[in-house]
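Hello,

Here is the structure I promised to pass on. Please load it first; my notes follow below.

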Amino acid sequence: MPARHPFAAAHWPQQLPPSYWLSHARVPADLLERAATAWRTDPVALQITDGFISAIEPQAQGGLPVFNLDGATVLPAFVDPHTHLDKGDLLSVGMEPARSLFGAIEAVQADYALWTATELAARIDFGLQEAWAHGTRALNSYCDWSDPDSPLAWQALLDARERWRGRIELVLTSLAPVDVLADTTAAERLARHVAQAGGILGLFAYAAPHIAGLLPRAFDLAERFDLRLDFHIDEHLDSNHVHTLPVARLALERGYGARTVCGHACALSRLAPQPLAEVLEVVAASGISLVSLPLTNLYLQDSSQQAPRHTPRWRGITPVHEARALGIPVAFGSDNHRDCFSPFGDLDPLRTLALAACAAQLDDAIPQWAHAITRTAANALGLAWDGVLRRGSPADLVLHPGRTSAEVLSRPELGRQVIRAGQRIHAERPDFRSLDGLRHVPT
């Protein structure tokens, strides 16, 4: 006789009552306020009342409806700390993957002139619909700073933030080359635009010797305009140009680590053990967060551009184990999706965690690393709710029928239930065909 599925329609109604229990739920210990609760041996019961968690107990108490999850996994709603909604789905308008970081940058820059408000709104909303359906509650999108003043895509993202308010908290971050800091007027204009929008000052630090000399100006601007800092940094494999170290030193000197994020850090994977340890010790002391982007970096790093093709040897994965061993906050992000940088991706943090578990050999990744797409990611963005499930926190949850990491990450998409404000949402991922006709696609 087949086992009863915990989300079977027979005992899982379309509309949940205002108050109820989710019993026999497996929640990673570090995502529960009662951190002593063990993952494997102690399932918990969550009481939901009027859209909030009202109690967490070993077992459900009497008097309210009880939904037995039979050991299914319960996670707080996801936080995606690193995406590019402005460039998402550029493949749908006829662009092609570049298999090169700077090749992709050049291709996108040449395409800016063809972007329209209509197209941007369609591509951005498509991505947000995906994220919403997957169970994401907050998402950080970068915006290529293609104009000395506010670019068209920035306004499109601001508009999307209003459209999606109450569903997804959209955090906006500029993405300008660090070279902008050499022009005091342009740098101040950028910082002012970002500050007026309540955004994050984001900069791209590429492999060049002059970059380190510009970095202090980023912290000057952040302090002056009260901005968080975010760096696309060391997204290459040249161990001779590692800018994560000077950023960490500056963050330590300025006391700005809790407000600073470094994404990618691929070059760290090429450092010998001792130099890597020296860099990470400063990172740990500074308090900055690292964001690893396995999907795009696996696609771009060590890619051969000319025939004959070679199989990539150096994968550019952020050294997450070494970072975690030193107490460095590590989050995972989706990065690019279906654009010149990466032809893949669905803005699904759980799928990202599954890929990271394979690429970085994460042991028991749900109890040990789910924080990287929930609590740690929320803290990296400075969100009001850190994602820990406690009495009074929002009942914004993702339920998966899998009971172990193997079950969840082998089938990350199947059977997932998303609860927002205590009620199930019935959102479906949008159909790619809805993007047809945005722009003439050559045949």
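A residue counts as buried when its relative accessible area is under 20%. Phe 67 has 8% relative accessibility, so Phe 67 is buried. Tyr 20, at 0%, is buried too. Please keep in mind that this is a predicted model.

Tyr 20 and Phe 67 make one that is edge-to-face, with 5.6 Å between centres and 80 degrees between planes. Tyr 20 belongs to strand S1 and Phe 67 to strand S4, 47 residues apart. Ring pairs also join Phe 7 and Trp 12 with Tyr 20 and Phe 67 in a cluster.

A second pair is Tyr 299 with Phe 344: the centres are 5.7 Å apart and the planes at 85 degrees, so the pair is edge-to-face. Phe 344 is partly exposed, at 44%.

Charges over rings: Arg 123 places its charged end over Trp 115, 5.2 Å from the ring centre.

S12 and S13 pair over 3 bridges; Ser 292 has Phe 332 as its bridge partner.

Buried residues of H6 include Leu 245, Val 247 and Leu 250. The buried residues of H6 pack against H5, S10, S11 and H7.

Best regards

Note on methods:
Residues are numbered from 1 along each chain as its sequence is written. This is a predicted model: local features need pLDDT of at least 70, side-chain atom pairs count only at pLDDT 80 or more; totals for chains, interfaces and linings use all residues. Side-chain values use heavy atoms; hydrogens and water are left out. Two strands pair if DSSP finds at least two bridges between them. Helices (H or I, at least four residues) and strands (E, at least two) are DSSP runs, numbered from the N terminus. Buried means under 20% relative accessible area, exposed over 50%, partly exposed in between (1.4 Å probe, protein chains only). Contact means heavy atoms within 4.5 Å. Rings of Phe, Tyr and Trp (its six-membered ring) pair if their centres lie within 6.5 Å; planes under 30 degrees apart count as stacked, over 60 as edge-to-face and the rest as tilted. A charge sits over a ring if NZ of Lys or CZ of Arg is within 6 Å of the ring centre and within 35 degrees of the ring normal.
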